[in-house]
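Subject: Handover of a structure and notes on its features

Dear colleague,

Please find below the structure that I am passing on to you. My notes on what was found in it follow directly after.

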Amino acid sequence: TVMNGENVTGQFILKFNDELTYFKDHDHHHAAKNIDKATVASIPDQEWKGEPVVLIPDVMYEGKKLAFAKDFELSYHNNDKPGTASVIIHGKNAFKGSKTVSFNIVTPA
């Protein structure tokens, strides 16, 4: 395959097809959807290891798994010590708003 006079590798074509499928599956032509209506998989207790706990939860909207960095970004609150922490899911591109989900940081037994 040649594009703009350059040979195009199979990896490029696969990535391009993935992007096309993503945009087809995530309708970007309508008003932004509120991320607050998404469902987030339960987050199990996280073990404290002396540094901030950073995780990427599974986020679903109308039965479709949303993509981190494409559909949402994350920030955290109180994730730097044992106790109750929060991950804040911020909508991006076709999604707007935010949703906060709590999880526990526990000391090792």
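**Charged pairs**

Lys81 has a relative accessibility of 43% and therefore counts as partly exposed. Please keep in mind throughout that the model is a predicted one. Lys81 forms a salt bridge with Asp80, and the closest N and O atoms of the two are 3.8 Å apart. Asp80 counts as partly exposed because its relative accessibility is 44%.

How many salt bridges are there by the rule that was applied? The count comes to 3. In another of these, the side chains of Lys65 and Asp58 meet, at 3.2 Å from N to O. Lys65 has a relative accessible area of 52%, so it is exposed, since the class of exposed residues begins over 50%. Asp58 has 37% and is therefore partly exposed.

Glu73 and Lys92 also form a salt bridge, with 3.2 Å between their closest N and O atoms. This pair links distant parts of the chain: Glu73 belongs to strand S8 (residues 72–77), Lys92 sits in the loop between S9 and S10, and the two are 19 residues apart. Glu73 counts as partly exposed because its relative accessibility is 41%. Lys92 is partly exposed as well, with a relative accessible area of 26%.

**Two loop residues**

Asn93 is found in the loop between strand S9 (83–91) and strand S10 (95–96). Its phi is near 60°, a positive value in a residue other than glycine. Asn93 counts as exposed because its relative accessibility is 55%.

**The sheet**

In what order do the strands of the open sheet stand? The sheet has 4 strands, in the order S5-S11-S9-S8, and the pairing is mixed. Strand S5 (46–47) and S8 stand at the edges with a single partner strand each, so one side of each has no neighbour in the sheet. As background, the strands of a sheet pair through backbone hydrogen bonds, and this can be done in a parallel or an antiparallel way. S9 and S11 run antiparallel and are joined by 8 bridges. As an example of a bridge, Thr84 has Asn104 in S11 as its partner.

**Nonpolar core and aromatic rings**

The largest nonpolar core holds 18 residues, and those that touch the most other members are Ile35, Leu66, Phe72, Ile89 and Phe103. At least two residues of this core come from each of S6, S8, S9 and strand S11 (98–106).

A search of the whole structure for aromatic pairs finds 2. In the pair of Tyr61 and Phe95, the ring centres are 5.2 Å apart and the planes meet at 70°, so the pair is edge-to-face; planes over 60 degrees apart fall into that class. The two residues connect distant parts of the chain, with Tyr61 in strand S6 and Phe95 in strand S10, 34 residues apart. Tyr61 and Phe95 are both buried.

With kind regards

Technical notes: Residues numbered from 1 in each chain as written. Predicted model: local features only at pLDDT ≥ 70, side-chain atom pairs only at ≥ 80, totals over all residues. Heavy atoms only, no water. Buried < 20%, exposed > 50% of the residue type's maximum accessible area, 1.4 Å probe, protein only. Salt bridge = Lys/Arg side-chain N within 4 Å of Asp/Glu carboxyl O. Core = buried A, V, L, I, M, F, W, Y, C linked by side-chain atoms within 4.5 Å. Phe/Tyr/Trp six-rings, centres within 6.5 Å; stacked < 30°, edge-to-face > 60°. Pairing = 2+ DSSP bridges.
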